[in-house]
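Here's a quick tour of one protein model, written for someone new to reading structures.

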Amino acid sequence: MLALIAMPMFFLESSFGQFASLGPVAVWKAVPMMQGVGITMVLSSTILDITYNCVITYSLYYLFASFQSPLPWADSCSWWSADETCSRGLKDPLCNLTLDDGYFEIVNTTWLHANNETCPNGSEIDVPHQGPSEQYWNKVVLRRTSSMDETGEMVWYLALCLLLAWLIVGAALLKGVKSSGKVVYFTATFPYVVLTILLIRGVTLEGANKGIEFYIGSQSDFSKLADAEVWKDAATQIFYSLAVSLGSLVTLSSYNKFHNNCYRDSIVVCVVNCATSVFAGFAIFSILGHMAHVQEKPVSEVVQSGFGLVFIAYPAAIAQLPWSPLWSSLFFFMLITLGLDSQFIAVEAIITTLLDQFPQFLRSKRLYLASGVCLLFYFLSLVCVTQAGIYWINLIDHFCAGWSILTAAILELISLSWIYGVHRFIKDIEMMIGERNWLFWLWWRACWVFISPCLLTAILFWSLVTFAPPTFGSVEYPVWATVLGWCMTIFCIMWIPIIAIVRVVQAEGSTLCQKISAACTSAPDWGPYLKQHRGERYRNRPDSTEDPVCDQILTLP
């Protein structure tokens, strides 16, 4: 996915935004009929932004919880214990004992499970055993209800952590890339320090080789390559990791200097990004291998995917190390910095889009706009910190982080390669990075015109054919939730045909073909923003003073 799709897409989008110095919607002056693709990107990013900050929220909660010894998830007795009552009002996951005074009697459920006993009230243990870390995640952090139908109440401490997360994002974006760029110097480099520390600590532990062997070794299950969801998830993950087809990459590149070497940047960022992921895997699985060794279990029985890996399996492994609060604090602070990097970019894409569309009204009100966007997103994301919040996050991720992004990517490739013209697009890039010979462009031309769109189309249709309703572990979603998920996907995508129809109707021409041709023709003011960069090809482009992004570029050192 990196070589055949993500890297070509990264180069394409970074060149696209840098050439015109416009955001993800306004940049489609190149092909006005396909402006809906930019809207789809921004809407998908908006919905994902609402839920993504909740991951930072969980990390903030775990960071604060790490400032105590022993760690609260190291043993369930730290927050419910045998022969005691639980003043937090939590229900035991196995025995389900409830007293009239509103408290719950707690028994040592681990002992009962291990000795095949029944609860003191005579009921059988019919719920699968959960370790202390998993109990802490489900019963203390999330206070998770049994299904999405049961919304429950607002988890107040998560709501406060969510507020803190949005305050951090808002503060970093008040002055645009001038402020967020300085913050990123720290948030982008600090994770490498933490990963190196965790890796050195991990590989020195007994049993680390078992985890690494499970991660990349003889235990790899290549039969998974026949699963369409694996390929869709791989494409979605690499897209999200590199901010491809979400509008964020076009936004950031629009702030570049016109002659910046976007080709070099694309290669370096893509390679370093994926190398970092592989490097992080060694740091994570070496410690999980130690955990499996201590518990005398196969690594496959202690490893979980998704949220389970980050908030259950790895915290449980850290809890078994000496100085566990230190390692836990470093790990979750690293997660926070990584999450904030992504969130800065995603929210900036939305703000830039609004500035592009309403420059006269919003240009001088950047502070209020950034504050308003973050405040609105905070209120919209409150549903994700209810007791059923994790179900909402999983639902949105299942529907909005896949098909709409893939659809936008396919149409973006087709629009620039086939409608705008791949030869014309290459000439635009050469205006920025200098001329290259035909051999240099052979691979990129092949990917943009044929390889990448074909692969993405195959993955999209394959995943649709093999679609299965979303689940969260063993919990099935109600029908209304699945319908809502499809509605969110359709809402993101429907602007592509709507905008295309509107552009065709508004276009000049006496026949339908003439109207379509006119709607696909670049706008008169399409091209480089600054006059000295337009050359002969765009010398007739009219000057514009309505572009807030370019105005910010001119003031950058």
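R537 is partly exposed, with a relative accessible area of 39%; on this scale, buried means under 20%, exposed over 50% and partly exposed in between, using a 1.4 Å probe and protein chains only. Its salt-bridge partner is D428, with N and O 2.6 Å apart, and D428 counts as buried at 2% relative accessibility.

Before going on, know that this is a predicted model, where local features need pLDDT of at least 70, side-chain atom pairs count only at pLDDT 80 or more, and totals for chains, interfaces and linings use all residues. Residues are numbered from 1 along each chain as its sequence is written, and side-chain values use heavy atoms, leaving out hydrogens and water.

**Salt bridges**

- Side chains of opposite charge can pair when their charged atoms come close.
- Here a salt bridge means a side-chain nitrogen of Lys or Arg within 4 Å of a carboxyl oxygen of Asp or Glu, and the structure holds 6 of them.
- Back to D428 and R537, whose side chains meet in a salt bridge. D428 sits in helix α18 and R537 in the loop between α22 and α23, so the pair ties together parts that are 109 residues apart in sequence.
- Those helix names come from DSSP runs numbered from the N terminus: helices are H or I with at least four residues, and strands are E with at least two.
- Another salt bridge joins D525 and K29, with the closest N and O atoms 2.9 Å apart. This pair links distant parts of the chain, since D525 is in the loop between α22 (512-520) and α23 (548-555) and K29 is in the loop between α1 and α2, 496 residues apart.
- Are these two buried or partly exposed? D525 is partly exposed because its relative accessibility is 22%, and K29 is partly exposed because its value is 24%.
- E153 pairs up with R143, and their closest N and O atoms are 2.6 Å apart. Both residues lie in the loop between α4 and α5, 10 residues apart.
- E153 counts as partly exposed, at 41% relative accessibility, and R143 is partly exposed too, at 24%.

**Cavity and pocket**

- Rolling a probe the size of a water molecule over the atoms shows where empty space is left.
- On a 1 Å grid over the protein atoms alone, a cavity is a set of points where a 1.4 Å probe fits but cannot get out, while a pocket is an open set with protein on both sides within 12 Å along at least five of seven lines; lining residues have an atom within 4 Å of a point.
- Grid points are joined across faces, edges and corners, and a volume is the space filled by probe spheres set on the points.
- How many cavities of 30 Å³ or more does the structure hold? The count is 1, and the largest cavity has a volume of about 30 Å³.
- D428 turns up again here, lining the largest cavity along with S15, F16, F19, Y420, F425 and W526.
- Helices α1 (2-20) and α18 (422-433) each give at least two residues to that lining, and α1 has the largest share, with 3 residues.

- The peptide bond from S69 to P70 is cis, with omega near 0 degrees. You'll find P70 in the loop between α2 (35-65) and β1 (84-86).
- R143, the partner of E153, has a positive phi of about 50 degrees although it is not a glycine.
- W323 isn't a glycine either, yet has a positive phi of about 60 degrees. It sits in the loop between α12 and α13 (324-357) and is exposed, with a relative accessible area of 67%.

**Cysteines**

- Counting a disulfide as a pair of cysteine sulfur atoms within 2.5 Å, the total is 0.
- C161 is buried at 7% relative accessibility, and C374 is buried at 5%.
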